[in-house]
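This report describes one protein chain for a reader who has not seen it before. Please look at the sequence and the structure below before reading on.

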Amino acid sequence: MEYQIEEELVEPVSPVGQYFNSSALCIYIIGVIEFEVPIHDLLMQAMSLLKDVFLPINPRFSSIMVQDKKGEKRWKKVNVNLKEHVRIPKFPETKAVESNDKYFQEYLSRISIEELPQSRPLWEVHIVNKATSDSLGSVIFKLHHALGDGYSLMGALLSCLQRADDPSLPLSFPILKPSKNNNNNEDSNSASSKGICKRFSWMVSSAFYTITDFGWSMLKSSIIDDAKTPIRSGNVGVEFQPISISTMAFSINQVKDIKSRLGVTINDVVTGIVFYGTRLYMQEMNKKSKTAESTALVLLNTRNIEGYQSINDMLNTKAKGPWGNKISFLHVPIPKLKQSRTSNPLEFIWEAHNIIKRKKQSLAIALTGTLLEMEGKFRGQEAVAKHIYGTLSKSSVVISNLVGPLQQMALANHPVKGLYFTLAGGPESLVISMMSYMGMIRVTFKTEKDFIDEHKLKSCMQSAFEKILKAAKEIPDKTRH
């Protein structure tokens, strides 16, 4: 569809924004806010927040994607009718919370794969005034990935929320600290010959890992498919099939306990748990698949910043954490469930630690981003979108994570009990998303319906967590010595 372009009202759509809204890909970010109080009176307050706070955050929230006479895609500002973007579903009347759980999950799964009309701004809000076993009411945000990545959209969402205990105070976020086993003495050795040798060795390793990782990533994106397993159907058109969305939670304090005893990072622990739980599920469904070649595609925020910046800072062109789609992906092999790892589940944590540590020495992520930019210039954005589609479809699972606030939040004086997100619209059978909030890590599973048994998957993930926690407790806490 072609529109008359008014120059002062438009901006070019970023290359990544075009990838995610193309004939090959249509990716959405789904966020769910759970409340600990009823939200029957939230509608009018929500409409006011959307009009006065949400829409002014970024022009893209009140723009549509159009094509100019030169064939270039741009954002065109339009009048927004909020009633077209806010929906209040009606579930069958029942007093049984279990029934509401079922209705909510079916509704969430259904709206997640419905395409948003391109004739209006690419977002929706769904206010669910029904109590479930997790909350007394929920708000679902559905935002097209072309608007921005999880970091940007989470920043926008946080602009609409306040601290529940004191709205005048800012929300704070966990500080990610490196593990004690890292080489923290590199700076002190920099003047010594030993330090020089270490840096030289690091450079050689970095070059080697960059070449091997980049080459393997290219093969995985273009030629080599993962095996068909209980977590990857490999069916054509998976993105159009019904999905299921379910969640579970881990205690951050328990994850920190494992981290301290093993001398690794929280990211290592969570990744190891997810890998171990995934392999346990694969073994449950098909014993041969426990050693199948399976790859996780990990989505990464490429901003060199911790925590969230204010929206004004994000929109600054010189910001360290600017608005937009600043993401890349990393191929990570899922460790196989060998006999030694069955008897000692901590090997999954150490394997995750070694993989992540090695990947940090590689520049393959930067090279991949450069390659996609070059491909876009020479072959067009649609070609890049097809390349990314192939990358997603050839992998077994997509993994993403976001860091949430430490304090409880409130939306229009309604305390928020829980918060989670996922991605929808991609050609993968399994997406695992993780988000921290108020001392808990919420893990969300987006699964191909009637192919993956989500209940058994969650059971295996819980079993993996418990086995790793039990094994870790047999090791002395290194922080106490």
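The model is predicted, and local features need pLDDT of at least 70, side-chain atom pairs count only at pLDDT 80 or more, while totals for chains, interfaces and linings use all residues. Residues are numbered from 1 along each chain as its sequence is written, and side-chain values use heavy atoms, with hydrogens and water left out.

**The chain as a whole**

There are 13 helices and 16 strands in the chain; helices (H or I, at least four residues) and strands (E, at least two) are DSSP runs, numbered from the N terminus. Of its 481 residues, 53% count as buried, where buried means under 20% relative accessible area, exposed over 50% and partly exposed in between (1.4 Å probe, protein chains only). The accessible surface comes to about 23,100 Å², and 54% of this belongs to carbon and sulfur atoms; the areas come from the Shrake-Rupley method with a 1.4 Å probe, and for residues only the protein chains shown count as cover. Among contacts (heavy atoms within 4.5 Å) with a separation of 6 or more, 78% join residues 24 or more positions apart.

Seven strands form an open sheet with mixed pairing, in the order 5-6-7-2-14-13-8. Two strands pair if DSSP finds at least two bridges between them. Strand 5 (86-87) and strand 8 (162-163) are the edge strands, each pairing on one side only. Helix 3 (residues 97-113) packs on the sheet, where it touches strand 2, strand 5, strand 6 (123-128), strand 7 and strand 14 (414-424). The direction of helix 3 makes about 15° with that of strand 7; such angles run from 0 to 180 degrees between N-to-C directions, and axes are lines fitted to C-alpha atoms, for helices over the stretch in contact.

Strand 7 (residues 137-144) pairs with strand 2 (residues 28-35) in the antiparallel sense over eight bridges. Strand 6 also pairs with strand 7 in the antiparallel sense, over six bridges. The table gives residues that stand opposite each other.

| Residue | Opposite residue in strand 7 |
|---|---|
| Glu 34 | Ser 138 |
| Val 32 | Ile 140 |
| Glu 124 | Lys 142 |

Eight of the eight residues of strand 7 are buried. One side has Gly 137, Val 139, Phe 141 and Leu 143, and the other has Ser 138, Ile 140, Lys 142 and His 144.

**The cores**

A nonpolar core is a set of buried Ala, Val, Leu, Ile, Met, Phe, Trp, Tyr and Cys residues joined through side-chain atoms within 4.5 Å. The largest has 74 residues, and Phe 61, Trp 123 and Ile 140 have the most contacts inside it. Helix 2 (residues 42-57) gives the most to this core, with seven residues. Apart from it lies another core, of 45 residues, including Val 264, Leu 330, Val 332 and Leu 430.

**His 331**

His 331 lies in strand 11 (residues 327-333). Is His 331 buried or exposed? His 331 is buried because its relative accessible area is 3%. Its contacts beyond four places in sequence include Trp 216, Lys 220, Thr 295, Lys 359 and Ser 395.

**Two helices**

The axes of helix 11 (residues 364-379) and helix 12 (residues 381-394) come within 7 Å and cross at roughly 135°. The two helices are therefore oblique to each other; angles under 35 degrees count as roughly parallel, over 145 as roughly antiparallel, 65 to 115 as roughly perpendicular and the rest as oblique. Leu 372, Glu 375, Gly 376 and Arg 379 of helix 11 make the contact with Gln 381, Ala 383, Val 384 and His 387 of helix 12.
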